[in-house]
Amino acid sequence: MAKKRPQTKAKPQLTDEEIPVVGAREPCPCGSGRRYKACHGRAAAHAATELVHRPFEGLPGECDWVALRELVPAATVELTLKDGLPEGVPSVTLATVLPMAWPALRRDDGSVVLGLQNDTASGDLSRDLADTLQRALTAEAGTPVQGRRAPAGGPRLQDVLDLQAPFEPVVHSGFEFWVPDAENATPEVTASLERANAAAIPTARLTGVDAAYWCETPEKNHLRWVMPHPEEQLLDALARLHAAGRSQLGEGTRLVGSFRAHGLTVPVWDLPSGVTADDVEKPAAEFAERLAAALATTEPLTPDERRARGGLTNRQVTLS
């Protein structure tokens, strides 16, 4: 007969929230007897790398979040925290980018600036940004905050920001907002500021429609418009307008394709060099009306519209 195994008292099992992170080859702290890598580490690794298709979904101004992350060189937004500002933190500001690509900065006066255009360690940009923000709120004044992989299951921006507060980007011509006192900036910050200003493309946000950004380049200008509509529905609507010759924003303009960024579609127009942001305000508002009507159309695409859609799809570039 086989020997009976000695009876041992079962160890209490820990919940997922109580499992500390240990080395991949160490025994899992949950008491399962397996290595951490093959037990709770597997779920933690999956949570850290799983791509969130629309990280800014549910935030006010989702389209502007995408634009500031991918398209706009220099902009800031005042953020409102759900639980209010901690003591000693007079303000929290989102910035497209910070000097030396810092993920965040706690200024000498205690205010916090959160950088948006940074590499992230996981597949959830919202969680990474929330983790950086929370660490910045308690960082020593006058110090930058370094990046790290956010803990699995940690809060996201949707958990820490006031979802009723407006999201109102302010586009800047340069990065002077980095240094409240430029004369006393360190040589490293001054050099970084000069390089950033030299590379910045002049950009302006339209006022008559949401999340549309004009920019100026040496050869031609562009309008890049982040839209919240489902991609397939939007491409059908754009194809209907394009086939009918109604996708332009005025004489000499042309709808040339689109970007795909963070789960949203960004149609792009070429504009003549002389067309300014003010010049395109009225045509953009008129186009928004035509687009709304096209979005409401449910008939199948005609052969010309299908060809137009194929052309738009072939000229789509994924940014993220």
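Author: Start with Ala 101, which sits in the loop between β2 and β3 (104–106); strands here are DSSP runs of E, at least two residues, and helices are runs of H or I, at least four, numbered from the N terminus. This is a predicted model, where local features need pLDDT of at least 70, side-chain atom pairs count only at pLDDT 80 or more, and totals for chains, interfaces and linings use all residues. Residues are numbered from 1 along each chain as its sequence is written, and side-chain values use heavy atoms, leaving out hydrogens and water.

Reader: Why is Ala 101 called partly exposed?
Author: Buried means under 20% relative accessible area and exposed over 50%, with partly exposed in between (1.4 Å probe, protein chains only). Ala 101 has 45%, so it is partly exposed. Its phi is near 55°, positive in a residue other than glycine.

Reader: And what makes His 262 buried?
Author: Its relative accessible area is 9%, so the buried label applies. His 262 lies in the loop between β10 and β11, and its phi is positive too, about 50°, although it isn't a glycine.

Reader: What makes a set of residues a nonpolar core?
Author: The members are buried Ala, Val, Leu, Ile, Met, Phe, Trp, Tyr and Cys residues joined through side-chain atoms within 4.5 Å. The largest has 41 residues, and Leu 133 is one of those touching the most other members. Six residues, the largest share, come from α3.

Reader: Which residues does Leu 133 touch, leaving out those up to four places away in sequence?
Author: Leu 81, Val 92, Val 112, Leu 114, Val 160 and Leu 161, with contact meaning heavy atoms within 4.5 Å.
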